[in-house]
Amino acid sequence: MEALREVEAELTVYVHPSNAADVPRAVSRQLSGLLFSYEERFDGVLLAHEAQLVDEDNKENATKEKDKKEAKLEEDKKEAKIEEETEAKSNKKPKILKAKILNGLVPFFGVRVCANLLLFSPQPGMLLEGKVEMLGKESIHAVVLGVFSVAIMSDDIHEKFRFKRKSHGGRFVSRSDREHFIKRGTMIRFSVKSVDTEMNCHITGSLIPPHTGSMRWLSVHDAEYASEISRNVCWIV
């Protein structure tokens with residue numbers, strides 16, 4: 001999906017001293033508290049995360065150590081290998097992670113973290129997919145990824161669709177092809193018109209742009225969409 005993106009971020013997570021015995025777990029708990037809520041700093045909604053604590057000592061000395069090892073390998077690969085193994089055994093020390101203590105009544109400490117984040121970041125003009133949950137003559141309401149709400153008002157529904165009311169709630173049927181219809185449970189492809197981040201990425205959508213409508217119908221009758229599906233299937237295989 002176009003609105004899904006993975007990013008790498010360097011963060012500072014502040015941990016309460018009571019969690020000092022298990023810092024990785026405390027960091028994970030802090031990040032999990034941000035799940036499924038819009039975060040301006042990420043420009044999206046956090047869906048998943050994988051974090052690793054940054055070893056400041058190794059980070060600062062990484063370049064020097066790399067150059068030193070390359071020089072030794074050029075002189076004598078075998079000797080360098082033996083020397084490195086001997087040095088590693090003799091200088092083996094417990095790993096220490098640096099953290100900054102904050103002044104105050106409760107001295108939280110900041111831990112540097114390198115995190116891989118999966119974000120949902122819809123933008124106007126993007127084409128997204130969602131499942132219709134409710135519809136009527138004036139609007140269609142759907143959800144994306146089972147979480148994010150979408151509203152498509154009558155002004156944003158293509159004029160080719162005509163609403164037909166039936167006992168089970170009705171449906172929108174295309175005037176040009178009766179096989180192209182939208183009802184409750186239909187998976188639709190729509191264009192993002194606007195995003196309200198204050199309502200946790202509530203989306204206003206549109207079915208007027210090309211390549212939008214019922215995904216089932218588009219997969220057969222829309223060459224561009226069918227080609228996109230084919231490319232995605234090949235990539236997965």
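Which residue stands opposite I140 in β8? The residue is I152. This is a predicted model.

- Strand β7 covers residues 139-144 and pairs with β8 in the antiparallel sense.
- The β7 and β8 pairing runs over 6 bridges.
- I140 and I152, the latter in β8, stand opposite each other.
- The two strands β7 and β8 form a hairpin, with 3 residues between them.
- L145 sits in the turn of that hairpin and has a positive phi of about 60 degrees.
- β8 is also joined to strand β13, residues 202-206, by 2 bridges.
- Here the direction is parallel.
- A151 has T204 in β13 as its bridge partner.

**The sheet β9-β10-β11**

- Three strands make an open sheet in the order β9-β10-β11, and their pairing is antiparallel.
- β9 (161-164) and β11 (181-182) stand at the edges.
- Each edge strand has a single partner, so one side of each is left without a neighbour in the sheet.
- Strand β10, residues 171-174, pairs with β11 over 2 bridges.
- V173 has F181 in β11 as its bridge partner.
- F181 also has a charged neighbour: R171 lies over the face of its ring, at 4.6 Å from the ring centre.

**Aromatic rings**

- The whole structure holds 2 aromatic pairs.
- One of them joins F120 and F148.
- This pair is stacked, with 4.3 Å centre to centre and 15 degrees between the planes.
- The pair links distant parts of the chain, since F120 and F148 are 28 residues apart.
- F120 belongs to strand β5 (residues 109-120), while F148 belongs to strand β8 (residues 148-153).
- Both F120 and F148 are buried.
- Elsewhere, R41 lies over the face of F42, at 5.7 Å from the ring centre.

**A nonpolar surface patch**

- M1, L4 and L145 make a nonpolar surface patch of about 230 Å².
- L145 is the residue in the turn between β7 and β8.
- L4 lies in strand β1, which spans residues 4-15.
- Is L4 buried or partly exposed? L4 is partly exposed, with a relative accessible area of 30%.

**Two loop residues with positive phi**

- D43 has a phi near 55 degrees, a positive value in a residue other than glycine.
- Where is D43 found? D43 is in the loop between β2 (38-39) and β3 (44-53).
- D43 is partly exposed, because its relative accessible area of 37% falls between the 20% limit for buried and the 50% limit for exposed.
- N200 is also not glycine, and its phi is positive, near 55 degrees.
- N200 lies in the loop between β12 (187-196) and β13.
- N200 counts as partly exposed, at 27% relative accessibility.

Key: Residues are numbered from 1 along each chain as its sequence is written. This is a predicted model: local features need pLDDT of at least 70, side-chain atom pairs count only at pLDDT 80 or more; totals for chains, interfaces and linings use all residues. Side-chain values use heavy atoms; hydrogens and water are left out. Patches are made of residues with over 30% relative accessible area and no salt bridge: like charges are joined within 9 Å, nonpolar side chains (Val, Leu, Ile, Met, Phe, Trp, Tyr) within 5 Å. Accessible areas come from the Shrake-Rupley method with a 1.4 Å probe; for residues, only the protein chains shown count as cover. A salt bridge is a side-chain nitrogen of Lys or Arg within 4 Å of a carboxyl oxygen of Asp or Glu. Helices (H or I, at least four residues) and strands (E, at least two) are DSSP runs, numbered from the N terminus. Buried means under 20% relative accessible area, exposed over 50%, partly exposed in between (1.4 Å probe, protein chains only). Two strands pair if DSSP finds at least two bridges between them. Rings of Phe, Tyr and Trp (its six-membered ring) pair if their centres lie within 6.5 Å; planes under 30 degrees apart count as stacked, over 60 as edge-to-face and the rest as tilted. A charge sits over a ring if NZ of Lys or CZ of Arg is within 6 Å of the ring centre and within 35 degrees of the ring normal.
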